[in-house]
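Subject: Handing over a structure

Dear colleague,

I am passing on the structure we spoke about, and my notes follow below it. Please read them with the structure open beside you.

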Amino acid sequence: MNTSTKRILTVAGASAAALAVWVLAVPVAGITLTVRMGAGMQLVGPGLVLAASLLAGLAGWALLAVLERLASRPGRIWTVVALVVLVLSLLGPIGSAAGAAALLVLALMHLVVGAVLVLGLARR
């Protein structure tokens with residue numbers, strides 16, 4: 001399997017993992033997954049989960065592609081940047097989740113997507 005195919009599957013796998021967490025949390029466990037958006041609240045549905053995880057995966061892949069053309073150690077640089085971005089992304093749920101259960105589910109989604117992308121994209 002070539003590198004591009006592996007990376008496509010990694011990005012798709014990260015999105016599938018995020019959707020799996022959403023399915024287990026929302027329809028199965030009955031958790032209301034809402035976040036504060038300005039003065040209001042927004043329900044986090046499967047479309048938003050899919051869009052956010054795909055965007056993160058494609059952005060990570062794009063950065064890795066650029067680093068592979070410009071850097072001598074692209075995998076190492078990409079992994080460090082990806083881990084920093086993952087840690088910073090956790091500030092989103094911490095600052096906007098409506099309730100402890102939503103915070104835990106959103107943080108878990110970030111960690112699952114991050115783990116799949118970090119472990120899958122940098123490998124050749």
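The largest pocket holds about 740 Å³ of space, where a pocket is an open set of points on a 1 Å grid over the protein atoms alone, with protein on both sides within 12 Å along at least five of seven lines, and a volume is the space filled by probe spheres set on the points. Of the 30 residues that line this pocket, A52, A56, S89, H110 and V113 are the closest to its centre, and a lining residue has an atom within 4 Å of a point. This is a predicted model, in which local features need pLDDT of at least 70 and side-chain atom pairs count only at pLDDT 80 or more, while totals for chains, interfaces and linings use all residues. Residues are numbered from 1 along each chain as its sequence is written, and side-chain values use heavy atoms, with hydrogens and water left out.

By class, the lining has 22 nonpolar, 8 polar and no charged residues, with Asp, Glu, Lys and Arg counted as charged, Ala, Val, Leu, Ile, Met, Phe, Trp, Tyr, Cys and Pro as nonpolar, and the others as polar.

β1 and β2 run antiparallel and are joined by 4 bridges; strands are DSSP runs of E with at least two residues, and two of them pair if DSSP finds at least two bridges between them. They form a hairpin with 2 residues between them, and G38 in the turn has a positive phi of about 65°.

G45, in the loop between β2 (40–43) and α2 (46–70), counts as buried because its relative accessibility is 19%, and buried means under 20% relative accessible area with a 1.4 Å probe, protein chains only.

Best wishes

Technical notes. Buried < 20%, exposed > 50% of the residue type's maximum accessible area, 1.4 Å probe, protein only. 1 Å grid on protein atoms, 1.4 Å probe; cavity = no way out; pocket = protein on both sides within 12 Å on 5 of 7 lines; lining within 4 Å.
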